[in-house]
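Reader: Hi! Could you walk me through this model?
Author: Happy to, here it is.
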Amino acid sequence: MKFFETVKYIIYTLLFITLISSLRNLFFPLIADELQYAEIAVNCMTKGAYSLSGVPSTFTPTLPFLIALFYSKSFPIVGFAAVKFFNLILMIVGLRFVHLTLKKVNIPANISLIIVLLTAVNTIFVSWSTAVYPEAILFCFFWIFIFYVLDEIKSPRQILFFLIPFSILVITRYLYGVCIFIVGYFIWNYLIKLIQSKDYQNIYKLVLYSLVCVLPLIIWFKYVYLVEKEITIEQSYFTRFKENDIFYNIKAGLGIIQHAEVNKINGIPAFVSLFLPVTGLRNWIISIGLIATFCFGYITKWKIKEYRVVFITMILIMLGLIAGGTGFSRYSLALLPGYWLGFYFCFSYLKIEDNYFEKISLLLAVIYVINDLRLDYLIVSKL
């Protein structure tokens, strides 16, 4: 704690520098998938059609609707910059809920701030915080979901606080549907208590609130089913499931093979690139070691329900990534604070003092920030 008090202002300075670095992409032109999201949004606003390349699209709607909200026909670059800045705000809100969640599960305040720092200065976090991609939405609402799902349910109204974020997560990236196991577990337990106490009024409210929250999902997935069934779509997330068997996708998701739709092997060997600022780094041994370390950290805390819930949720999402045949480093960005927490638990189990974890973390954070300043210089020098 003494070390933390002496470097607290250094931590705040690093966070401020990182915030400035995050703004470097604000007025850059859109690239890759950003163009497709933007086209769908523009078609919604100008043609009243959720379409891409002239046909209905099944791309998840959250981001196109967000782009449409800030769309400006006269000054499109300003509208896109507003979306990027809003994504950065979502990231900051997500960091706030990371801190609140760590506080709720009794993580020391100094360690909580260190984990927030390590997350915020991460190169991938900085790079994608202002990109017109779903990562900011996912990061924000995942930690809102975790924060509220850890509360003991005492009234039906409480389920709104984690069912709404859950619905937003699923409608932003389909694989987050695996969190239904966590949602179902808590709602089912509460429902059993209501049945045992014959509290029929609250049972009615529980069913009503649940239906209200999942109704948008039901409508959207009915739309997706009809479009995918009746229309040939060139750009579709579900193409990988139509053209390849489940074992192909699992092998690609694990990183055993390279998926035909991407230009690099992803999955497990790409895990290390989430932590080391080296573009395209793939390494089986280091990645497995890192995964084993954070898993071991959580296993040492298995008896504590809150930690168990966080760990199981993370594992479900990682399994969803594997089943989906994907595994870009940015796909794991929402889970990054959870990984750092697992590493901290491992340090604690080995009886290593918090001071050492703080010193190592601060050194790593400085390296991250220096690397981002280097990237800032390279980007600005090319303007």
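Author: Helices (H or I, at least four residues) and strands (E, at least two) are DSSP runs, numbered from the N terminus. This is a predicted model, where local features need pLDDT of at least 70, side-chain atom pairs count only at pLDDT 80 or more, and totals for chains, interfaces and linings use all residues. Residues are numbered from 1 along each chain as its sequence is written, and side-chain values use heavy atoms, with hydrogens and water left out.

Reader: Thanks! Which helix gives the most to the nonpolar patch?
Author: Helix 4 does, with four residues. Helix 4 (76-104) and helix 1 (2-22) each supply at least two.

Reader: And I89, where is that found?
Author: I89 sits in helix 4. I89 is partly exposed, at 36% relative accessible area; buried means under 20%, exposed over 50%, and partly exposed in between (1.4 Å probe, protein chains only).

Reader: New topic: what is the phi of N106?
Author: About 70°, a positive value although N106 is not a glycine. Most residues other than glycine have a negative phi.

Reader: Where is N106, and is N106 buried or exposed?
Author: N106 is in the loop between helix 4 and helix 5 (109-120), and counts as exposed at 64% relative accessibility.

Reader: What about the phi of K351?
Author: Phi of K351 is positive too, near 65°, and K351 is not a glycine either. K351 lies in the loop between helix 15 (336-349) and helix 16 (354-381), exposed with a relative accessible area of 73%.

Reader: Last one: how far apart are the C-alpha atoms of I195 and L169?
Author: They are separated by 30 Å, with the two residues 26 apart along the chain. I195 belongs to helix 9 (residues 180-196).
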